[in-house]
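Open the model in your viewer and keep the selection tool at hand. We will go from stop to stop, and at each one you select something and look.

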Amino acid sequence: MTPAAAMLEGARTFSNGVIVELLPVHVLILVILGAGVAMLLWRLHRPQDVYLVDYGCFLGEPRHRVPFATALEHGRLMNDLIDEESLSFMVRLHQKSAIGEETSVPDSFRCIPPDRGIEASRQEAELVIFSAVDKAFARSQLNPENIDAVIVACSFTTVTPVFADVVVNRYKLRDDVQSVNLSGMGCSGALIVVGLARNLLRVVPPGRHVLVIATEILSSMLYTGTKREMLVPNVLFRMGAAAMIMTNSPERARFRLGPIVRTLTAARDSDYQCAFQEEDDEGITGINLSKDLPVVAANALKGHITAFGPAVLPVSELLRVAFSIVRNRLFSAGTTKEYRPAFGKVFQHFCIHPGGRRVLYEVQRGLGLSDRDMEASHMTLHRFGNMASSSLLYELDYIEAKRWMKKGDRLCMISFSPGIDCSSVVWECVKPTADTDSGPWAGCIHRYPVQLPKIVERA
């Protein structure tokens, strides 16, 4: 072999040796780079986390409260609008409702006859909305200039300018602020606008904030006819509002938003007509709440849980449900009860819309929840009444005022509205509140829970 050939062979051997020696290092580098790129792509394409910074709730002053005796006397003085039979019906309904003596109504209800004009509605809206928003700003330590979008949910009252614009004007929000005013969504309005805020925050740069407001204006809702199904809202609904500040940045956040599930059963005529705004035979407008509403809502909830369960239940619970269904349909011919998922083990807290005692009872039975799970809902109905979709935030404040909320706890909110529209939202606590003195329960939480009369089962 010539010297040149020997040198070439040595170089090839040296080169091959280096390649063999460095090959594992190259593979390791490629694996690390590949994993890094994959992680980067996953972060770029996965939805941004959305958070709740804090919230605030309206609390009526003593002059807004309406004890039962006051309401009864007022009703008797309006004998040209409300006949004795209708008044007696509302009295009986109130006695079964478990609504307490400290609920609030607008000033317009104290007039004889009640003021149902636009100005009365606007004044009520400004009272409850501004109070809730002020408290949300105070608790979050954010300022109006931090707000990038405003979403307001109010079902039955819409004025011009809309309430979202009223908020923009009051707090002098930036010229580039986005605003949405959502009407007609009923008692699911708050959770629906939470979903809208989530969708918005997922497509904008980090550090953006959305102000979410939920309320219902009673001044335009008072029904003065004689149709019993339309008298029910007069007894159940009370004045209230809640404001939330949501963000796509974990800074200052107290809750992380989890799955949101919404189902609609309006294709079924019974569900579509169970809560219906209409005119009675005398041409008086009101909300017709069917006596079958609790049962209809419970049936709609069953279908909703079918969609909600896979989003929140662990695999072990889903397998138990599937096995129960197969066993029941193939081997038991439908004679045995199907397994009911243990939602009480998945969530530490529940906020169920307080649409009425029987509605709460049907939900408790359908989900297999304990009395403790339902306490916030029942006590909110007793202390504040049904405040439409804002009620859920009063329930959350009850849980926090009791200091039950711990870091890592999961909270499930469920609401119902005409349709039937069922909505569920999951929150995970990031940081429990250190402020229990500024919420609506601050001055009375020591008196709760109170004992409520038992619900008599229907035959």
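Select Thr-263 and His-304, and show their side chains. The two side chains make a polar contact, at 2.9 Å. Keep in mind that this is a predicted model.

Stay on Thr-263. It sits in strand 6, which covers residues 255–264. Is Thr-263 buried or exposed? Its relative accessible area is 17%. Buried means under 20%, so Thr-263 counts as buried.

Now show what surrounds Thr-263. Leave out its neighbours within four places in sequence. The contacts are then His-304, Ala-307, Ile-420, Asp-421 and Cys-422.

**Next stop: two helices**

Select residues 293–312, which form helix 9. Two packed helices are described by the angle between their axes and the distance between the axes. The crossing of helix 9 and helix 12 is right-handed.

Now pick out the residues that make the contact. On helix 9, select Pro-294, Ala-298, Leu-301 and Ile-305. On helix 12, select Arg-358, Val-359, Glu-362, Val-363 and Leu-367. Colour them by type. Seven residues of this contact are nonpolar, two are charged and none is polar.

**Next stop: a serine in a helix**

Select Ser-377. This residue belongs to helix 13, which spans residues 371–384. Which backbone atom does the side chain of Ser-377 reach? Show the backbone of Ile-352 and look at its oxygen. The side chain of Ser-377 reaches that oxygen at 3.1 Å.

Now check how covered Ser-377 is. Its relative accessibility is 0%, so Ser-377 counts as buried.

Show the residues around Ser-377, without those up to four places away in sequence. Ser-377 touches Cys-351, Ile-352, Pro-354, Leu-360 and Glu-395.

**Last stop: the whole protein**

Zoom out and show everything as a cartoon. How many helices and strands are there? The protein has 14 helices and eleven strands.

The accessible surface comes to about 22,400 Å². Carbon and sulfur atoms account for 58% of that surface. Of the 459 residues in the protein, 51% are buried.

Finally, colour the chain by residue number. Take the contacts between residues at least 6 apart in sequence. Among these, 80% join residues at least 24 apart.

Conventions:
Residues are numbered from 1 along each chain as its sequence is written. This is a predicted model: local features need pLDDT of at least 70, side-chain atom pairs count only at pLDDT 80 or more; totals for chains, interfaces and linings use all residues. Side-chain values use heavy atoms; hydrogens and water are left out. Helices (H or I, at least four residues) and strands (E, at least two) are DSSP runs, numbered from the N terminus. Buried means under 20% relative accessible area, exposed over 50%, partly exposed in between (1.4 Å probe, protein chains only). Contact means heavy atoms within 4.5 Å. Accessible areas come from the Shrake-Rupley method with a 1.4 Å probe; for residues, only the protein chains shown count as cover. Axes are lines fitted to C-alpha atoms, for helices over the stretch in contact, and angles run from 0 to 180 degrees between N-to-C directions. A crossing is left-handed if the near helix is turned anticlockwise from the far one by less than a right angle, and right-handed if clockwise. Ala, Val, Leu, Ile, Met, Phe, Trp, Tyr, Cys and Pro count as nonpolar, Asp, Glu, Lys and Arg as charged, and the others, Gly among them, as polar. A polar contact is a pair of N or O atoms within 3.5 Å; within protein, one must be able to donate a hydrogen and the other to accept it, and residues adjacent in sequence count only if both atoms are side-chain atoms.
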